[in-house]
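Keep the structure open as you read.

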Amino acid sequence: MPGTVVVETVDSRALADNALGDSAVRRVAVWLPPSYARAVTRHYPVIYWLAGFSGTGESLFHGRPWQPGLGERLDRLVHAGAMGEAIVVAPDGFTRWGGSQYLDSPVSGGHATHVVRELVPEIDGRFRTVAQRDARAIGGGSSGGFGALVLGMRHPEVFSAVASHAGDMYFELSILPDIPCAARTLRRHGGVEGFLAHFEHAMTKRADDFTTIMMLAYAAAYSPDATRPRGVALPFDIGTGELDHAVWRRWKGFDPVDLAASHVEALRGMKLIYLDAGTRDEHALDLGARVLAARLRALGVAFRHEEFDDGHRGTSYRYDVSLPLLAAAVGAEAAPR
């Protein structure tokens, strides 16, 4: 018997009145394991799974050709006995600019607060969860992997296990190489306002459009500034591409590689830290994961780090590794026969 996917609506106070004008009402996809409907006295651990940039929680369940959606993947893992039963929750961190990095910002809204302070208690209230930190994990891919690491580090009272697939980190390699493209694209459209007008109306989003809107989404998350166009400070000069070191330092303050040292006790308290990335990752996030692994090792933090021969996209098959590990870490048990 397969699990059940339900979509819950959450009206978020943390996301209200964001500067982008995005709705505060969020659709949250929830996978209930096969035994949930019949084992009416049983309570389940919970895994929060964060979508990457330009994705929503619901979109994770849609799947792609030759790649099952998250629900089908969970059904298969549980049916095969590879994974214990857990409730899996996929929040909606999408914004008009593509994503929130699951951080609080006056521009894109309080997405960290939404997940940690609103969604977690809401899920515990609506479903039969084990409402304890030791029974709660968080994971995701790309920007979702970044969000999982940062929320896990900052909120060890809420989450006890973390998985990051090619999460954004070591920004020197993953972000700096995109600055020339973003600077040229913004200049070509006359600045931030001109680019956004172009982006909103463009029938096809080109690669340089995607890179540039992602840079603006990063700026909304890492360096909001009410004195700058659209309330964001960019870490470079649009005219020359020269790095703005003051803004860049703000961005680096969110880099998991840099956060690790100041959150060492939270990291040491995790029952699982799982990292992976493909060795052909287009954003060099395999190297970023190696840097973070080295930092964790030096700090005496236990972790599991894996690599595989692939790039950044189309790698959700790797969830077959992390989801069972997270489930085991938070005490998920096999379905009753």
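Q101 sits in the loop that links β4 (87–90) and β5 (104–105). The model is a predicted one. Is Q101 buried or exposed? Its relative accessible area is 3%. Buried means under 20%, so Q101 counts as buried. Now look at what surrounds Q101. Leaving out residues up to four places away in sequence, Q101 touches S143, F146, G147, D168, Y218, A221 and Y222. With D168 there is a polar contact, side chain to side chain, of 3.1 Å.

Move on to S223. This residue lies in the loop between α7 and α8 (245–252). Its relative accessibility is 0%, so S223 is buried. Which residues does S223 touch, not counting those up to four places away in sequence? They are Y218, V232, A233, V247, R250 and W251. Two of these partners deserve a second look. A polar atom of the S223 side chain lies 2.5 Å from the backbone oxygen of A233. The side chain of W251 makes a polar contact with the side chain of S223, at 2.8 Å. Y218 is one of the residues touched by S223, and Y218 is also among those touched by Q101.

Find A135 between α2 (111–126) and β7 (136–141). A135 has a relative accessible area of 6%, so A135 is buried as well. Setting aside residues up to four places away in sequence, A135 touches P45, V46, V130, S160 and V330. How far is A135 from Y317 in space, C-alpha to C-alpha? The distance is 24 Å, and the two are 182 residues apart in sequence.

Next, the nonpolar core. In soluble globular proteins, nonpolar side chains tend to be buried together. Here the largest nonpolar core has 103 residues. Within this core, I47, W97 and Y222 touch the most other members. Helix α7 (residues 207–222) gives the most to the core, with 10 residues. Take I47 and trace its contacts. Beyond its neighbours within four places in sequence, I47 is in contact with M83, A86, I87, V88, V89, A137, L323, L326 and A327. Y222, another of the core residues named above, is touched by Q101 too.

Rolling a probe the size of a water molecule over the atoms shows where empty space is left. The largest pocket holds about 890 Å³ of space. Its lining has 42 residues, and G52, R64, S142, G314 and Y319 are the closest to the centre. Which elements give two or more residues to this lining? They are α1 (70–79), α7 and β9 (272–278). By class, the lining has 15 nonpolar, 20 polar and 7 charged residues.

The second largest pocket has a volume of about 220 Å³. It is lined by 13 residues. Nearest its centre are P34, V78, H79, A335 and R337. Its lining divides into 7 nonpolar, 3 polar and 3 charged residues.

How many cavities of 30 Å³ or more does the structure hold? There is 1. The largest cavity has about 50 Å³ of space. Of the 13 residues in its lining, G52, F53, G93, G99 and S100 are the closest to the centre. By class, 4 are nonpolar, 9 are polar and none is charged. G52 is named here for the cavity, and G52 is also one of the residues closest to the centre of the largest pocket.

Technical notes
Residues numbered from 1 in each chain as written. Predicted model: local features only at pLDDT ≥ 70, side-chain atom pairs only at ≥ 80, totals over all residues. Heavy atoms only, no water. Core = buried A, V, L, I, M, F, W, Y, C linked by side-chain atoms within 4.5 Å. Buried < 20%, exposed > 50% of the residue type's maximum accessible area, 1.4 Å probe, protein only. Helix = DSSP H or I, 4+ residues; strand = E, 2+ residues; numbered from the N terminus. Contact = heavy atoms within 4.5 Å. 1 Å grid on protein atoms, 1.4 Å probe; cavity = no way out; pocket = protein on both sides within 12 Å on 5 of 7 lines; lining within 4 Å. Points joined across faces, edges and corners; volume = space filled by probe spheres on them. Nonpolar A, V, L, I, M, F, W, Y, C, P; charged D, E, K, R; others polar. Polar contact = N/O pair within 3.5 Å; in protein donor to acceptor, adjacent residues only side chain to side chain.
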